[in-house]
Amino acid sequence: MAKDRGEHNEQACKQVDGEMTRFFELFGKRWTGLIVAVLTEQAAYFADLRRAIPGISERMLSDRLTELSTAGLVVREVDAGPPLRVAYRLTDAGKALEPALKELSRWAESHLPSGGDDCPEQFRG
């Protein structure tokens, strides 16, 4: 009965909070974090994003960019051209994720097995 009136009980208080749930509904999807990570360096054209993220399909990249745009993290800008090109950049809200992404990268370097990154140091971001 208490739950029906909006009161809290022990089980309800042990659930993951709403903010974390909202975050992982977006960032728990494959590729989303990588797209944002690329855009933290600089704005990028669609083709540049595709090259920067091996294995992502055009359709998936388009879908994830649309989701990030809807969430207010990415802005889509059309260059009139010719040729017509579309660039993407982070909003202020998207840029605010940079410290968290860098910390996650440091954590992964320390605690996860190497992913076989053979890029020379000078080419790493």
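Predicted model: local features only at pLDDT ≥ 70, side-chain atom pairs only at ≥ 80, totals over all residues.
Valine 75 stands opposite arginine 89 in strand S3.

Strand S3 covers residues 85–90 and is joined to S2 by 6 bridges, the two strands running antiparallel. Beside the pair already named, valine 74 has leucine 90 of S3 as its bridge partner. S2 and S3 together make a hairpin with 5 residues between them, and glycine 81 in the turn has a positive phi of about 80 degrees.

On S3 there is also pairing with S1, again in the antiparallel sense, over 2 bridges. Here alanine 44 has tyrosine 88 of S3 as its bridge partner.

Taken as a whole, the sheet is open, with 3 strands in the order S1-S3-S2 and antiparallel pairing. Strand S1 (44–45) and strand S2 (74–79) stand at the edges; each has a single partner strand, so one side of each is left without a neighbour in the sheet. Helix H3 (residues 32–41) packs on the sheet and touches S1, S2 and S3. The direction of H3 makes about 90 degrees with that of S3.

## Overall composition

The secondary structure of the protein amounts to 7 helices and 3 strands. Read from the N terminus, the elements follow the order α-α-α-β-α-α-β-β-α-α. Of the 125 residues, 20% count as buried. The accessible surface comes to about 9,400 Å², and carbon and sulfur atoms account for 53% of that area. Among contacts between residues at least 6 apart in sequence, 46% join residues at least 24 apart.

## Salt bridges

Side chains of opposite charge can pair when their charged atoms come close. The structure holds 8 salt bridges.

| Salt bridge | Closest N and O atoms |
|---|---|
| Aspartate 48 – arginine 51 | 2.5 Å |
| Glutamate 67 – arginine 64 | 3.5 Å |
| Lysine 102 – glutamate 98 | 3.2 Å |

What separates aspartate 48 and arginine 51 along helix H4? Because these residues are 3 apart in H4 (residues 46–52), about one helical turn lies between them. Aspartate 48 is partly exposed, with a relative accessible area of 31%, whereas arginine 51 counts as exposed at 60% relative accessibility.

Glutamate 67 and arginine 64 both lie in helix H5 (residues 58–70), where they are 3 residues apart, about one turn of the helix. Is arginine 64 buried or exposed? At 12% relative accessibility, arginine 64 counts as buried, since the cut-off for that class is under 20%. Glutamate 67, with a relative accessible area of 23%, is partly exposed. Both residues also take part in a network of salt bridges that links Lys29, Arg64 and Glu67.

Lysine 102 and glutamate 98 both belong to helix H7 (residues 98–111) and are 4 residues apart, about one turn of the helix. Lysine 102 is partly exposed, with a relative accessible area of 42%. Glutamate 98 is likewise partly exposed, with a relative accessible area of 26%.

Definitions and conventions:
Residues numbered from 1 in each chain as written. Heavy atoms only, no water. Pairing = 2+ DSSP bridges. Contact = heavy atoms within 4.5 Å. Axes fitted to C-alpha atoms, helices over the stretch in contact; angles between N-to-C directions. Buried < 20%, exposed > 50% of the residue type's maximum accessible area, 1.4 Å probe, protein only. Areas by Shrake-Rupley, 256 points an atom, 1.4 Å probe, with all protein chains shown as cover. Salt bridge = Lys/Arg side-chain N within 4 Å of Asp/Glu carboxyl O.
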